[in-house]
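Please look through the sequence and the model first, and then follow the topics below.

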Amino acid sequence: MIEWKKTACALMALAACLMAGCSESEDSDSSSTAQTTSQEIADNDSQDDTESESNSEAEAEAVSEADDEISVGELLSGAAEIFDGDYTYTSSITYSDDDSVSYDVTLAKSGDELYEQIVTNEGDEVSSDVIYYFDGTTAYNLDIGLGIYSQTDEIDEVNTIVSVAQLGLDQTTTHIPDDTEGLEVEEYTYTGDTYITVFDFYFDDDGSMVKHTVTYIEEGEDDLVQTVETVKLDDTADEALFDEELFDDLKDFDAMTEDERLSFCQSICSEYGISTDDMYTLDITTDDLKTISYDDFTTLVYSFV
């Protein structure tokens, strides 16, 4: 069952889009664990910012000097620099708790425009294809499978590669395997209150990132491993992605009248076999479909697909 998540991708939990991925399994521990990691890192960053503002000038200088001592590996630093300007990054993500589901993620930037897509694959079937698109002024969520789009709040571009490079995490070697298949590995570890997250970045001889893994370690639980295989990482934008014709075959969900939205939602529910009993489990009635939000409706659909 696929649960709609606002991309952060961000899409790519990254520290969504990809620290967790933007679309995740509702029954999987990967969603809650990865989101907790991303949130705690964000909370810690926010707390650090607040404390820094309250420090005296002397304390601020000491913090600055400490930051300067943080050493990010040359390989990770080089990969993160690609995201300073235009870029195209595609990857394939799997989780160790269910390798039958994979996520094909595309992130791209062209000037002020952002494009983020997550395609969810279950076996040989595509169960979800969602896009976050920012045209430089307005941000949109698009669901290709359901044939709808909606305006949304702007989301900052963020991904694991840049996030880890900027956080200044300790470099470690605790989880690097004996056999790295001829690849060079840089490892970074984040220690939370109740868990540890380990990031291993794999590079080939020319410094290109081949893949990275994120291992979530919590006492009393089996380790969860997210594997992100790099398909493409270029310092140029794939301009074909920034084509507003992608809206042409989609309905503007926000512009529907109550009767149009009710009819559309009932049609989709019928197509996917979603019953009124299913809706009631999410406290949604048939009458609610007249005014249901885009996020709530996509969540309803993917809760039962």
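A residue is called buried when its relative accessible area is under 20%, exposed when it is over 50%, and partly exposed in between, with a 1.4 Å probe and protein chains only. By that definition, 48% of the 305 residues of the chain count as buried. The model is predicted, and for this reason local features need pLDDT of at least 70 and side-chain atom pairs count only at pLDDT 80 or more, while totals for chains, interfaces and linings use all residues. Residues are numbered from 1 along each chain as its sequence is written, and side-chain values use heavy atoms, with hydrogens and water left out.

**Overall make-up**

- The chain has 7 helices and 16 strands, where helices (H or I, at least four residues) and strands (E, at least two) are DSSP runs numbered from the N terminus.
- Its accessible surface comes to about 15,100 Å², of which 40% belongs to carbon and sulfur atoms; such areas come from the Shrake-Rupley method with a 1.4 Å probe, and for residues only the protein chains shown count as cover.

**Nonpolar cores**

- A nonpolar core is a set of buried Ala, Val, Leu, Ile, Met, Phe, Trp, Tyr and Cys residues joined through side-chain atoms within 4.5 Å.
- The largest nonpolar core has 32 residues, and those with the most contacts inside it are Leu 76, Tyr 89, Ile 161 and Phe 201.
- At least two residues of this core come from each of α3 (74-81), β5 (87-95), β6 (98-110), α4 (160-167), β12 (184-191), β13 (195-203), β14 and β15.
- A second, separate core of 19 residues includes Met 256, Phe 264, Cys 269 and Tyr 294.

**Buried strand residues**

- Leu 107 has its place in strand β6 and is buried, with a relative accessible area of 2%; the C-alpha atoms of Leu 107 and Glu 157, which are 50 residues apart along the chain, are separated by 9.0 Å.
- Tyr 133 lies in strand β8 (residues 125-134) and counts as buried at 0% relative accessibility, while its C-alpha atom is separated by 9.8 Å from that of Ala 108, 25 residues apart along the chain.

**Charged groups**

- The structure holds 2 salt bridges, a salt bridge being a side-chain nitrogen of Lys or Arg within 4 Å of a carboxyl oxygen of Asp or Glu.
- In one of them Asp 234 is paired with Lys 232, the closest N and O atoms being 3.9 Å apart; Asp 234 is partly exposed at 30% relative accessibility, and Lys 232 is partly exposed at 33%.
- Lys 290 and Asp 287 also meet in a salt bridge, at 3.2 Å from N to O, and Lys 290 is partly exposed with a relative accessible area of 26%.
- Glu 218, Glu 219, Glu 221, Asp 222 and Asp 223 form a negative surface patch, patches being made of residues with over 30% relative accessible area and no salt bridge, with like charges joined within 9 Å and nonpolar side chains (Val, Leu, Ile, Met, Phe, Trp, Tyr) within 5 Å.
- For these charges, Lys and Arg count as positive and Asp and Glu as negative, whereas His and the chain ends are not counted, and the place of a charge is taken as NZ of Lys, CZ of Arg, CG of Asp or CD of Glu.
- Glu 219 is found in the loop between β14 (209-218) and β15 (224-234), and Glu 219 is exposed, with a relative accessible area of 78%.

**Loop residues with positive phi**

- Glu 181, in the loop between β11 (170-172) and β12, has a positive phi of about 55° although it is not a glycine, and Glu 181 counts as exposed at 64% relative accessibility.
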